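Look at the sequence and the structure below.

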Amino acid sequence: MLVVEDSVRMAAVTRRGLEEEGFAVDVAANGTDGLWMAVEYNYDVVVLECMLPDLDGFEVCRRLRAAGRWSPVLMLTARGTVADRVSGLNAGADDYLVKPFAFTELVARMQALLRRGAPARPITLQCGDLLLDPVTRTASRGGQQLDLTAKEFAVLELFMRRPGEVLSRTRILEHVWDAMFDPASNIVDQYVGYLRRKIDKPFGRHDLQTVRGAGYRLDASHGKPCT
């Protein structure tokens, strides 16, 4: 397996502990080397620190998936906000562990990933003529590329993973923003408005619907169903 960690002490402790558990371990000290090694060699698991000095862990994971390498990735970070966890998972990580952690938990999570094996490439999400690729971070409608910000993409991805389901403002907040974000804020309404101007209005559609008193939903009743 591969450990990508810029802290010399942390890398040494992790490597020694994993080797004592019977794992063969390679170590990379930065994102560039870690990405090269993970692309060149087929590791059973990649343990990836988020905060690296050159390419951060999110970017390493995105490039790894874009290169067609599907080794399970366990991301490590000192930041445990919902937004960070979502960023890691959206980048293609399979699991997320917040520092400081018990070494026994690290081993248990790695063993769970090993039992699961390398995942298949995530399927592109589709709802009618609306397409979204979580790995390449691209979206299109009717073959026309959509220019979305990172937050807009995250909101749209949530809707496309829950087609036809009414999503409350709180649920959207917790998925895309920090769970501690002010629930009285109208930021969700603002971003739904931004999305409507990009995915609906130019195409004469009204798929992103308001459900009064409940939230929003992406209408999946027409055309090809969401998959």
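How many of the twelve residues of H6 are buried? Nine of them are buried, so H6 is largely enclosed by the rest of the structure. Buried means under 20% relative accessible area, exposed over 50%, and partly exposed in between, with a 1.4 Å probe and protein chains only. Among the buried residues of H6 are Phe 153, Val 155, Leu 158 and Met 160.

This is a predicted model: local features need pLDDT of at least 70 and side-chain atom pairs count only at pLDDT 80 or more, while totals for chains, interfaces and linings use all residues. Residues are numbered from 1 along each chain as its sequence is written, and side-chain values use heavy atoms, leaving out hydrogens and water.

Helices (H or I, at least four residues) and strands (E, at least two) are DSSP runs, numbered from the N terminus. Helix H6 covers residues 150–161, and its end C-alpha atoms are 16 Å apart, which agrees with the 16 Å that twelve residues should span at 1.5 Å a residue. That expected span is 1.5 Å times one less than the number of residues.

An open sheet of four strands runs in the order E6-E7-E8-E9 with antiparallel pairing; two strands pair if DSSP finds at least two bridges between them. Its edge strands, E6 (125–127) and E9 (144–145), each pair on one side only. E8 (residues 138–141) pairs with E9 over two bridges, and Arg 141 has Gln 144 in E9 as its bridge partner. Helix H6 packs on this sheet, touching E6, E7 (130–133) and E8, where contact means heavy atoms within 4.5 Å.

Strands E10 (residues 208–211) and E11 (residues 215–218) pair in the antiparallel sense over four bridges. They form a hairpin with three residues between them, and Gly 213 in the turn has a positive phi of about 80°.

The structure holds 19 salt bridges, each a side-chain nitrogen of Lys or Arg within 4 Å of a carboxyl oxygen of Asp or Glu.

| Salt bridge | Closest N and O atoms |
|---|---|
| Asp 129 and Arg 205 | 3.5 Å |
| Arg 171 and Glu 165 | 2.5 Å |

Salt bridges that share partners join Asp 129, Arg 141, Asp 200, Arg 205 and Asp 207 into one network. Within it, Asp 207 counts as buried at 5% relative accessibility, and Arg 141 is buried at 1%. Asp 129 counts as partly exposed at 30%, and so does Arg 205 at 22%.

Notes: Axes fitted to C-alpha atoms, helices over the stretch in contact; angles between N-to-C directions.
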